[in-house]
Structures are given as C-alpha cells and as structure tokens.
Amino acid sequence: GPDAGYTAMAGGQQLPESRKPHRLVRMFTPGWEMTPQSARESFEELLLELGRAGIEIIEPDADPRTITLEADFHVADRMVSDIASYEMRWPMAPYLDRGQELLSSRVRGYLNRGRAMSVDDYHKALAWRSVFRARHMATAGYVDGFISLSSPGPAPLGLESIGEPLYQTPTSALGAPVFGLPLLAVDNLPQGVQLMGFTGGDDRCAAHARWICDALLDEDL
C-alpha cells in the first residue's frame with residue numbers, strides 16, 4: 001500500500017512499452033550549488049545527448065510556470081523538514097526524553113525543531129505543499145517531466161552519511177513518481193540521474209525512463 005497521505009502507484013500490472021518524452025525541464029534545486037564541476041559537466045553532456053536524441057530540454061526560466069516551480073524547488077528542503085519535524089514530535093519524543101544521546105545529531109535537530117514549531121507553522125507548511133503540488137500539475141500539458149541529477153555527487157565514503165537529499169526533497173513533497181537512471185559515472189563512481197513525472201502518471205514516467213535508458217544504454221531499464 002501507499003505511504004500515509006499518498007495514493008498507490010498508478011498503472012497496469014505490466015511495465016509499459018517505452019515511450020519517448022518530447023520535452024523535459026531540467027531541475028536545478030539547491031543541490032546544483034553543491035554539485036562538483038565534474039558532475040556538472042557530465043550532466044550537461046547528458047542533456048546534450050538527450051537533445052541529439054530529439055528530446056527538447058527546457059531551462060526553468062523559459063516559462064513563468066517553471067520559473068515559479070524552480071523557486072519552489074529551492075525552498076522544498078526547508079519546508080519538507082518543517083513538516084517532517086513537526087510530525088516526528090509524538091512518535092519520536094519519548095526517544096529524545098529517555099536517551100537522546102542514542103539519537104543522531106540530525107534526528108535530535110529535527111525533534112528540537114518540531115518542538116519549537118507552532119500549529120500555525122505546521123499549517124503554513126502544509127498549505128505551501130498543496131500549492132506546490134498544484135503548480136507542478138499545471139505544467140503537465142507543457143512538459144513530459146523533469147530531469148536532474150539524483151544527488152550532488154557520487155555516494156560518500158563510509159556509513160555515517162548517505163549524502164545530501166536536495167534533489168529528492170521536491171519529489172518527496174510532490175508525491176510524484178521518480179526513477180533513478182544509471183546513466184553517469186563521475187570520478188569512476190556511479191552517478192544517478194533523476195527523472196520525475198506527474199502524480200498519477202507512474203506508468204508514463206516508467207515508459208519515458210525506459211526509452212531514455214534504451215536510447216543511451218542500449219539496454220532495458
């Protein structure tokens with residue numbers, strides 16, 4: 001079943017046939033500012049490859065709708081953190097009271113942040129999410145999806161951190177289907193590419209992801 005607050009995956013029981021996306025918007029998000037030059041160059045070359053394959057790549061400043069969405073992408077991490085922090089207060093508060101030294105500093109930060117929030121703060125974050133989702137769906141007739149890196153760089157060494165999720169927080173807030181495509185390598189390490197579709201369009205996003213992988217990797221997704 002789906003996560004709380006989200007619908008189940010949409011589409012049939014079988015993977016759809018591959019379908020070429022005609023127009024994709026590239027997402028920057030704050031993750032781009034943290035992305036090293038080597039990863040940036042690899043991604044830019046990938047976008048050129050997609051263009052040569054006949055897919056139109058749209059920059060966020062090309063249309064008022066995508067300008068607004070890119071602004072939403074830039075605040076999504078903070079807003080998602082507000083929602084998560086507030087909703088963590090009740091299930092996680094006993095752990096903070098009984099043995100906060102056993103929690104990571106990141107989790108303690110979320111819990112303390114949630115305790116400092118008011119109900120109005122929480123409601124404002126939820127209202128922003130609703131507007132964000134409406135703005136996203138309003139671009140469905142204009143583009144087929146959104147493309148970005150999956151992370152600012154390859155996975156970090158060790159188990160202490162999984163890296164920065166700045167490219168994922170917008171998609172988490174939207175509840176939109178996302179595929180991580182194994183299309184790049186940076187410094188001899190895997191670097192994923194993220195393709196995001198539209199809520200309720202899981203099958204179409206899967207078909208687009210399959211086409212891109214077939215075109216660039218000569219193999220099925």
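Is Phe146 buried or exposed? The relative accessibility of Phe146 is 1%, so this residue counts as buried (under 20% relative accessible area; exposed is over 50% and partly exposed lies in between, with a 1.4 Å probe and protein chains only). The model is predicted, so local features need pLDDT of at least 70 and side-chain atom pairs count only at pLDDT 80 or more, while totals for chains, interfaces and linings use all residues. Residues are numbered from 1 along each chain as its sequence is written, and side-chain values use heavy atoms, with hydrogens and water left out.

Phe146 forms an edge-to-face aromatic pair with Phe198, at 6.0 Å centre to centre and 65° between the planes (ring centres within 6.5 Å; planes under 30 degrees apart are stacked, over 60 edge-to-face and the rest tilted, with the six-membered ring used for Trp). Because Phe146 lies in strand β3 (residues 145–149) and Phe198 in the loop between β5 and α8, the pair ties together parts that are 52 residues apart in sequence (strands are DSSP runs of E, at least two residues, and helices runs of H or I, at least four, numbered from the N terminus). Phe198 is also buried, with a relative accessible area of 8%.

Helix α8 (residues 202–217) has 16 residues and should span 22 Å at 1.5 Å a residue, which agrees with its end C-alpha atoms being 22 Å apart (the expected span is 1.5 Å times one less than the number of residues). Among the buried residues of α8 are Ala206, Trp211 and Ile212.
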